[in-house]
Structure formats: structure tokens, C-alpha cells
Amino acid sequence: MVGSFHVSILVHLLFIAITTLVLVWLLHFREGVAFNSSNKAKIFNLHPLLMTIGFVLVSGEAIMIYKSVPGKQQRSLKVVHLLLHLIALATGILGIVTIFKFKKELSLPNMYTLHSWLGISAICSFGFQYILGFFTFLFPGAEMYTRASVLPWHRFIGMVIFLLAVGTAQLGLVEYFGFLGLFRSQEALIVNFTGLLLFLFAVFVALSRVLPTY
């Protein structure tokens with residue numbers, strides 16, 4: 001029988017594969033990344049790096065942590081879940097700051113695409129969900145009855161935000177693909193495979209949540 005632990009192994013492999021593709025793409029084909037540079041493309045490149053690896057992939061790992069680690073050490077898993085989400089939130093905020101910085105330095109308009117609307121919605125929803133989860137489940141912690149009633153909604157909304165983040169990342173890849181005019185090339189294949197693996201990553205993270213743990 002296939003359980004959530006087996007699926008989690010595949011998710012970890014997808015994490016490594018996506019991270020490798022993004023790094024090869026941005027460091028080899030796109031001149032690298034930087035927060036401050038005379039080459040403004042490097043500043044822009046920091047945005048997909050942070051949002052894909054930091055925000056999307058790490059938040060997926062955080063969602064899956066209860067199913068990927070054998071045992072019933074709920075308190076320890078709760079802390080790891082919290083820390084992974086904190087890393088995802090921090091890198092997501094830095095990714096948003098980076099793209100605003102890039103556009104300010106080039107005097108470009110902000111917030112005019114669906115990608116940008118969904119991105120802001122995802123990061124704001126993520127932040128609100130994080131604060132609510134922290135005070136409900138960790139410190140100071142609500143009553144057991146309240147936590148039990150909130151938990152299904154916490155899981156559902158968390159998955160919705162995660163899928164929103166994945167969809168937003170896909171839109172960003174499509175936009176950048178068109179802007180660069182990649183068509184048929186090695187770089188185009190890397191971008192397309194990154195999007196494909198992101199979709200599979202989301203599918204298997206969701207699957208790990210519904211399969212039994214064994």
C-alpha cells in the first residue's frame with residue numbers, strides 16, 4: 001500500500017529537481033542574481049528564486065511535515081511546521097520587496113498584471129494564516145475544543161493558499177517566458193519543465209495530506 005510517507009519521498013525529490021532547474025536557469029542562462037546591481041536583470045532574477053524555492057517549495061514542505069516524518073512527536077513537528085512557514089513567509093516578503101525595488105529603479109508601473117494581483121493576495125493571506133495559526137495552535141494556544149474546530153479550516157485554507165502560490169508562480173513563468181521570447185531553446189525547456197514539476201509538486205503535496213500515514 002502507498003502511504004503519505006512514500007509520497008513525501010517523491011515530493012522531496014521534486015523539491016531537489018525544481019531547485020536545481022531554477023538555479024541552472026537563473027545562474028547559467030540569466031546572468032545570476034543580486035539585490036543591488038547595475039545590471040537590473042540580476043535584481044529581477046532574485047524574485048523568481050525567492051518565490052519559487054523559498055515561498056512555494058518550503059511552504060509545501062511545511063504542509064507535508066506531519067506526514068513525512070514518522071512518529072507522533074506532535075509538539076516537535078508543530079515547531080518545525082511553524083519554522084518552515086516562517087522561512088517561506090520571510091522569503092516571500094523579500095521576493096515581493098525585490099520586485100518592487102526592481103520596478104522602482106527602472107521607473108516601471110506596479111500591480112497591473114494578474115500575476116501581481118494573485119501574488120499580493122497569496123503573501124497577505126499567508127501572513128494572516130500564519131498569525132492566526134501561531135496564536136491558535138502554539139502560543140498561547142486556544143482551548144482544545146476551539147483548536148479542534150479550527151483545525152480543518154486551518155488545513156483547508158492553508159492548502160488553498162499553497163495552490164494559489166503555485167498558480168501564481170506558473171503565471172509568472174509564463175509571463176517571463178513570453179517577455180524573453182524563448183520559443184524553442186534549452187532555456188525554454190528548463191522554464192517549461194520547472195512549471196511542469198511545480199504542478200507535480202503541488203499534486204503530490206496535496207496527495208500526502210489525504211493518504212494515511214504508514
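Student: What share of the contacts in the protein with a separation of 6 or more comes from residues 24 or more positions apart?

Tutor: This is a predicted model, in which local features need pLDDT of at least 70 and side-chain atom pairs count only at pLDDT 80 or more, while totals for chains, interfaces and linings use all residues. Residues are numbered from 1 along each chain as its sequence is written, and side-chain values use heavy atoms, with hydrogens and water left out. A contact means heavy atoms within 4.5 Å. Among contacts with a separation of 6 or more, residues 24 or more positions apart account for 75%.

Student: How many helices and how many strands does the protein have?

Tutor: Helices (H or I, at least four residues) and strands (E, at least two) are DSSP runs, numbered from the N terminus. Read from that end, the elements run α-α-α-α-α-α. The count is therefore six helices and zero strands.

Student: What is the radius of gyration of the protein, and what does the globule rule give for 214 residues?

Tutor: The radius is taken over C-alpha atoms, and the rule is 2.2 Å times the number of residues to the power 0.38. The two values are close, so the protein is as compact as a globular protein of that length. They are 18 Å for the protein and 17 Å from the rule.

Student: Of the accessible surface of the protein, what share belongs to carbon and sulfur atoms?

Tutor: Accessible areas come from the Shrake-Rupley method with a 1.4 Å probe; for residues, only the protein chains shown count as cover. The total comes to about 11,500 Å². Carbon and sulfur atoms hold 74%.

Student: Is Thr52 buried or exposed?

Tutor: Buried means under 20% relative accessible area, exposed over 50%, and partly exposed in between (1.4 Å probe, protein chains only). Thr52 sits in helix H2, residues 40-68. Its relative accessible area is 8%, so Thr52 is buried.

Student: Which residue has its backbone oxygen 2.8 Å from a polar atom of the Thr52 side chain?

Tutor: Beyond four places in sequence, Thr52 touches Ile18, Val22, Leu57 and Leu198. The backbone oxygen at 2.8 Å from the polar side-chain atom of Thr52 is a separate matter, and it belongs to Pro48.

Student: What is the relative accessible area of Met111, a residue with phi near 55 degrees?

Tutor: The phi of Met111 is positive, in a residue other than glycine. Met111 is found in the loop between helix H3 (74-105) and H4. Met111 is partly exposed, with a relative accessible area of 32%.

Student: Which residues more than four places away in sequence does Phe100 contact?

Tutor: Phe100 lies in helix H3 and counts as partly exposed at 31% relative accessibility. Leaving aside neighbours within four places, the contacts of Phe100 are Asn110, Met111 and Ile120.

Student: What relative accessibility does Phe183 have?

Tutor: Phe183 is found in the loop between H5 and helix H6 (186-210). Although Phe183 is not a glycine, its phi is positive, about 55 degrees. Phe183 counts as exposed, at a relative accessibility of 65%.

Terms used:
Polar contact = N/O pair within 3.5 Å; in protein donor to acceptor, adjacent residues only side chain to side chain.
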